[in-house]
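This note sets out several points for a colleague who wishes to examine the model in detail. Please read the points alongside the sequence and coordinates.

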Amino acid sequence: MTHPGELLKKSGLYAGKELGQNFLSHPTTAQMIVEKTGVDKETTVLEIGPGLGAITLPLARSCKQVVAVEKDRRIIPLLEEELAGEGICNVTIINQDILKTDIREIAGTEKLVVIGNLPYNISSQILFKLVTIRQVVTRAFLMFQKELAQRLLSSAGTKDYSRLSAVVQYASKISRVADIGPNNFFPRPEVNSTVLRFDFFETKGMGEADEILLFSVIKAAFSKRRKTLHNAMSGGEMGLTKELVGIALKNAGIDASRRAETLNVQEFIDLSKAVGKLNALES
């Protein structure tokens, strides 16, 4: 692969700060990430933000097909040139915002493996999207700012546990793949990065409507993090009265004085089911 700094300079381009672009520049690091994914010639991969092809090149050599979704139209000709120079022809590039992309349509009748060096400014949004369409995704290998990765791995009762932690842990098993230092990127970021693996699964007894309610309950609980669940969940977007919240917490066997970060995923499920039963009685 050609160094991203050289490619950009030759074309009079620059890394877009507004797009969160920090291009992976070390081929050995990219190869290591691809090897960790375990993809083979039967695998179709969705790559989010291929950039200048650091991961795309070794990925394409290892799997059946790569569908690469790239928002920045400026760099697509450079990526196409890199692929052509290596004789790679099993990569389809889509010039689109991943948040507006129909991933189910890309998958068709297949299951995808998702890989990406994610722009830090939309990492959370991409994860939420993958959770909602996980029926077509078996696993994902995603690079995050190390601080965000730590939050995703944290368990209930710790200071880093968050709304995102609860939602993603509800839908997947998360594990650390590798820590990547700033020197592996161009331009060099001010932070360390971490690659995480997500093995997605379905939760028995939870339909689409149940999940929508669950995610709303988790959001409401974390909306006022310093307040008790009783106070945090009252009013707000869900429109729950203090009385209803109190009954739901009691029915779920949860102390109303607890805070959101102390609830594990199963407790959030129990609470959302209790809220759902009360909503059904009210309507």
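1. Basis. The model is predicted, with local features requiring pLDDT of at least 70 and side-chain atom pairs counted only at pLDDT 80 or more, while totals for chains, interfaces and linings use all residues. Residues are numbered from 1 along each chain as its sequence is written, and side-chain values use heavy atoms, with hydrogens and water left out.

2. The unreviewed UniProt entry places "domain: Ribosomal RNA adenine methylase transferase N-terminal" at residues 29-202. UniProt positions follow the numbering used here, feature names are shortened, and annotations may be inferred rather than shown by experiment. In the model, this span is 33% helix and 29% strand, and its end C-alpha atoms lie 32 Å apart. Helices (H or I, at least four residues) and strands (E, at least two) are DSSP runs numbered from the N terminus.

3. The same record, an unreviewed UniProt entry, lists a "binding site" at Asn22, Leu24, Gly49, Glu70, Asp97 and Asn117. Leu24 belongs to strand β1 (residues 23-24) and counts as buried at 5% relative accessibility; buried means under 20% relative accessible area, exposed over 50%, and partly exposed in between (1.4 Å probe, protein chains only). Beyond four places in sequence, Leu24 touches residues including Met1, Ile33, Asn117 and Phe185, where contact means heavy atoms within 4.5 Å.

4. Glu70 is buried because its relative accessibility is 6%. Its contacts, leaving aside neighbours within four places in sequence, are Gln21, Gly49, Pro50, Gly51, Ile75, Ile76, Ile94, Asn95 and Gln96.

5. Helix α6. Ser123 is located in helix α6 (residues 123-132), and its 1% relative accessibility makes it buried. Apart from neighbours within four places in sequence, Ser123 contacts Leu118, Phe144 and Leu148.

6. Packing of α8 and α9. The axes of α8 (residues 163-171) and α9 (residues 208-222) come within 9 Å and cross at roughly 155°. Axes are lines fitted to C-alpha atoms, for helices over the stretch in contact, and angles run from 0 to 180 degrees between N-to-C directions. The pair is therefore roughly antiparallel (angles under 35 degrees count as roughly parallel, over 145 as roughly antiparallel, 65 to 115 as roughly perpendicular and the rest as oblique). Arg163, Ala166, Val167 and Tyr170 of α8 meet Glu211, Leu214, Phe215, Ile218, Lys219 and Phe222 of α9.

7. Loop positions. Ser162 sits in the loop between α7 (146-153) and α8 and is buried, at 10% relative accessibility. Not counting residues up to four places away in sequence, Ser162 touches Arg151, Phe222 and Arg225. Elsewhere, the peptide bond from Phe186 to Pro187 is cis, with omega near -10°, and Pro187 is in the loop between β8 (185-186) and β9 (193-200).
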